[in-house]
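Biologist: Hi! Could you walk me through the aromatic side chains in this one?
Modeller: Happy to, let me bring it up.

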Amino acid sequence: ITTVIFDLGRVLVRLSTDGERFGDLMRSVGVEPAQAFRQFWLQGDVHRHMTGELTPRAFYDAARENFGLSTSYEGFVEGWCDLFAPMPGMGELFREVAGRYRVGILSDTDPLHWHAIRTMMPWLEAVERPTLSYEVGYLKPHPEMFTAAARNCGSAKEQCLFIDDLAGNVDGARYFGMQALIFNGPEKLRRDLHPVQVL
């Protein structure tokens with residue numbers, strides 16, 4: 001292993017609809033935050049945003065139409081990005097791995113969320129070329145995502161270790177030819193990294 005590639009959501013960051021700004025945004029149109037997030041997914045606009053088909057402005061327009069939002073674009077962005085918090089223990093672990101190996105990011109995300117997460121966690125600057133679905137045009141476990149991740153890291157796929165919270169993505173990475181681990185919390189990941197001699 002020369003390169004360790006991390007997923008973002010539910011690995012490096014926690015995802016929650018409990019954020020005050022997201023809650024206020026959705027309750028302003030009479031929708032509970034958790035229900036609203038499910039609706040975003042079911043309507044397909046999140047998928048289209050994460051694969052680059054919808055620009056942030058177009059995503060805002062779709063959300064305004066679907067939910068009857070009257071907020072400004074800036075207000076929408078604040079609410080939409082109020083879904084994340086750093087995963088406890090993962091900042092330290094990431095920096096420890098980055099001190100020994102090349103590190104990468106492979107994430108299904110959109111440009112608004114990526115900007116918010118990168119601002120929240122400046123240590124992600126250790127990743128020179130993150131692999132983001134809205135730039136690649138696909139979601140995991142599409143093979144093109146893994147191809148792009150290895151290429152962006154400048155590593156052979158066999159030398160990459162990918163860490164994700166979803167078994168389907170871990171299986172996809174292994175089928176592609178990467179080594180992969182499923183994420184079940186930072187302490188479990190730390191233990192899992194010892195047998196593969198990363199830590």
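Biologist: How many aromatic pairs does the structure hold?
Modeller: There are 14 aromatic pairs, and keep in mind that this is a predicted model. Take phenylalanine 37 and tryptophan 41: their pair is edge-to-face, with 6.5 Å centre to centre and 75° between the planes.

Biologist: Where do phenylalanine 37 and tryptophan 41 sit relative to each other in the helix?
Modeller: Both belong to helix α2 (residues 33-42), and because they are 4 residues apart there, about one helical turn separates them.

Biologist: And is phenylalanine 37 buried or exposed?
Modeller: Phenylalanine 37 is buried, at a relative accessible area of 16%. Tryptophan 41 is partly exposed, at 40% relative accessibility.

Biologist: What about phenylalanine 40 and tryptophan 80, how are their rings arranged?
Modeller: They make a tilted pair, 4.9 Å centre to centre with 45° between the planes. This pair links distant parts of the chain: phenylalanine 40 is in helix α2 and tryptophan 80 in helix α5 (residues 73-80), 40 residues apart. Phenylalanine 40 and tryptophan 80 are both buried.

Biologist: Nice. Which residues form the aromatic cluster?
Modeller: One cluster is made of Phe37, Phe40, Trp41, Phe59, Tyr60, Phe67, Tyr73, Phe76 and Trp80.

Biologist: Switching to charges: what sits over the ring of tyrosine 73?
Modeller: That would be the charged end of arginine 57, 3.8 Å from the ring centre. Tyrosine 73 is also one of the cluster members.

Biologist: And which ring does lysine 157 lie over?
Modeller: Lysine 157 lies over the face of phenylalanine 176, 4.9 Å from the ring centre.

Terms used
Residues numbered from 1 in each chain as written. Predicted model: local features only at pLDDT ≥ 70, side-chain atom pairs only at ≥ 80, totals over all residues. Heavy atoms only, no water. Phe/Tyr/Trp six-rings, centres within 6.5 Å; stacked < 30°, edge-to-face > 60°. Helix = DSSP H or I, 4+ residues; strand = E, 2+ residues; numbered from the N terminus. Buried < 20%, exposed > 50% of the residue type's maximum accessible area, 1.4 Å probe, protein only. Lys NZ or Arg CZ within 6 Å of the ring centre and 35° of its normal.
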